[in-house]
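Have a look at the structure first, then read on.

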Amino acid sequence: MKTILTGLRPTGNLHLGHYFGACQNYLKMQDDYEFYLEIADVQALTDHFNDPMKVRQNVYEITMDLLSIGLDPKKVNFFIQSKIPEIAELTVFYSNLVTVARLERNPTVKSEIAQKKELFGHHGESITYGFLGYPVSQAADITAFSGELVPVGDDQLPLLEQCREIVRKFNSIYGNTLKEPQQVLSNITRVKGLDGNEKMGKSLGNAIFLVDSEEEIQKKIMNAKTDPQKIKKEDPANPDICMVYYYHQLVNKENVSTVCSECKKGHRGCVACKRELIQAMNDFLHPIKEKRKYYEQHPEIVKEILETGTNTAKKKAEETIKKVKSAMKIDY
Ligand code: ATP
Ligand code: MG
């Protein structure tokens with residue numbers, strides 16, 4: 001049985017980007033693989049080190065979100081990154097195998113640094129050693145569990161490439177020990193934000209979260225970016241640049257061709273189109289929210305799921321660290 005490793009940062013709740021970009025594949029794959037799902041609190045702290053309560057709360061929030069979309073804790077090992085110190089050890093060993101210049105060139109790191117500058121001004125300019133090095137720690141996450149398949153959104157591809165480079169370098173110096181992981185992409189590799197940004201992101205203020213209330217959904221969709229050329233109801237518009245149409249494609253599939261043709265012909269006003277989307281979005285989210293209520297009422301079950309998964313994950317990581325230390329001649 002092949003092994004899956006994937007992770008999410010506990011920096012906020014799950015949004016549509018996670019769901020369609022990555023989690024749909026988790027759901028498809030959970031029956032057939034040995035599955036480790038990391039709640040990456042250490043990685044979240046690389047840029048949220050000054051807000052530890054936010055990270056801590058979101059460990060439970062995001063676990064509840066993942067359970068409420070239908071992941072089965074009997075099939076998926078949910079674990080907390082900081083509870084596996086072997087990952088931190090591997091990170092130290094791998095740090096020697098990556099140059100600072102290579103990390104600075106990593107396209108994901110580069111674009112995240114650029115985003116931080118945009119969001120936080122001067123604060124974004126002082127990048128910590130920990131943040132710059134998070135791709136190394138992510139290579140440790142994957143290899144600690146001999147992850148062969150990694151379901152992710154396409155913003156993660158440069159990080160996987162970085163991981164493979166580390167694996168190859170490690171194996172060439174210390175002998176064949178680690179496996180090279182492969183990404184598994186969904187048919188929607190990157191879900192756009194409400195503002196039209198290429199990526200919906202937790203930290204970008206442009207996300208529809210699975211836990212959003214009906215009022216929040218209404219407000220967000222009413223303010224979503226549409227074709228700016230369309231002023232009057234009868235103006236024909238271009239659905240390809242409209243975020244409302246974009247989300248119709250995700251959650252209102254059965255009516256999407258009507259939405260598209262009516263929009264192009266000017267037979268559909270934006271307000272009516274948004275109302276239809278609000279309804280479809282609420283219908284899509286309803287069963288997820290219903291399932292979530294159970295976990296909200298039973299926090300002890302969520303804690304137990306994390307504990308059980310973390311115990312299983314720890315054993316797997318212990319096997320890896322043994323092999324790694326032996327290969328590196330530090331198995332005293
Ligand atoms: P943060 O802003 O804290 O980095 P995030 O929204 O990018 O949050 P992550 O926890 O970093 O979320 O990512 C978890 C997984 O979800 C990754 O596999 C990532 O590729 C995927 N993902 C996140 N946002 C999107 C998106 N907009 N489209 C497709 N996949 C996404
Ligand atoms: Mg991210």
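At 2% relative accessibility, T6 falls under the 20% cut-off and so counts as buried. Keep in mind that this is a predicted model. T6 has its place in strand β1. The C-alpha atom of T6 is 9.3 Å from that of A22, and the two residues are 16 apart along the chain.

Strand β1 comes up again around the ligand. The elements that give two or more residues to the shell around ligand 1 are β1 (3-8) and α1 (16-29). Which of the elements gives the most to that shell? That would be α1, with four residues. In total there are 21 residues around ligand 1, and those that come nearest are T11, D155, K199, M200 and S203. By type, the shell divides into five nonpolar, eleven polar and five charged residues.

| Residue | Atom on the protein side | Atom on the ligand 1 side | Distance |
|---|---|---|---|
| R9 | polar backbone atom | oxygen | 2.9 Å |
| H18 | N or O atom in the side chain | oxygen | 2.9 Å |
| K202 | N or O atom in the side chain | oxygen | 2.9 Å |

How much of ligand 1 does the protein bury? Taken alone, ligand 1 exposes 600 Å², and the protein buries 95% of that.

Now for the rings. A pair of aromatic rings is described by the distance of the centres and the angle of the planes. Searching the whole structure turns up eleven aromatic pairs. For Y246 and Y247, the ring centres are 5.4 Å apart and the planes stand at 80 degrees, so this pair is edge-to-face. Y294 and Y295 also make an edge-to-face pair, with 5.1 Å from centre to centre and 80 degrees between the planes.

What about burial in these two pairs? Both Y246 and Y247 are buried. In the other pair, Y294 counts as partly exposed because its relative accessibility is 41%, while Y295, at 10%, counts as buried.

Two further ring features deserve a look. Y19, F20 and F284 are linked into a cluster by ring pairs. Over at Y60, the charged end of K303 sits over the ring, 5.4 Å from its centre.

Next, the helices. Is α8 (residues 134-144) enclosed by the rest of the structure or open? Eleven of its eleven residues are buried, so α8 is largely enclosed by the rest of the structure. The buried residues of α8 include Y134, P135 and V136 at one end of the list and I142, T143 and A144 at the other. The charged residue D141 is among the buried ones too.

Just after α8 comes S146, with a positive phi of about 50 degrees. Most residues other than glycine have a negative phi. S146 takes its positive value although it is not a glycine. S146 lies in the loop between α8 and β4 (149-151), and with 19% relative accessibility it counts as buried, the cut-off being under 20%.

K329 is another residue other than glycine with a positive phi, in this case near 65 degrees. K329 is found in the segment after α14 (299-327). Buried or exposed? K329 is exposed, with a relative accessible area of 62%.

V109 is found in helix α6 (residues 107-120) and counts as buried because its relative accessibility is 1%. Q81 is found in the loop between β3 (76-80) and α4 (85-95), and at 2% relative accessibility Q81 counts as buried. Q81 and C163 are 82 residues apart in sequence, and their C-alpha atoms are 17 Å apart in space.

Key. Residues are numbered from 1 along each chain as its sequence is written. Chains are lettered from A and ligands numbered from 1 in the order in which they are written. This is a predicted model: local features need pLDDT of at least 70, side-chain atom pairs count only at pLDDT 80 or more; totals for chains, interfaces and linings use all residues. Side-chain values use heavy atoms; hydrogens and water are left out. Rings of Phe, Tyr and Trp (its six-membered ring) pair if their centres lie within 6.5 Å; planes under 30 degrees apart count as stacked, over 60 as edge-to-face and the rest as tilted. Buried means under 20% relative accessible area, exposed over 50%, partly exposed in between (1.4 Å probe, protein chains only). A charge sits over a ring if NZ of Lys or CZ of Arg is within 6 Å of the ring centre and within 35 degrees of the ring normal. A residue is near a molecule or strand if one of its heavy atoms lies within 4 Å of it. A polar contact is a pair of N or O atoms within 3.5 Å; within protein, one must be able to donate a hydrogen and the other to accept it, and residues adjacent in sequence count only if both atoms are side-chain atoms. Accessible areas come from the Shrake-Rupley method with a 1.4 Å probe; for residues, only the protein chains shown count as cover.
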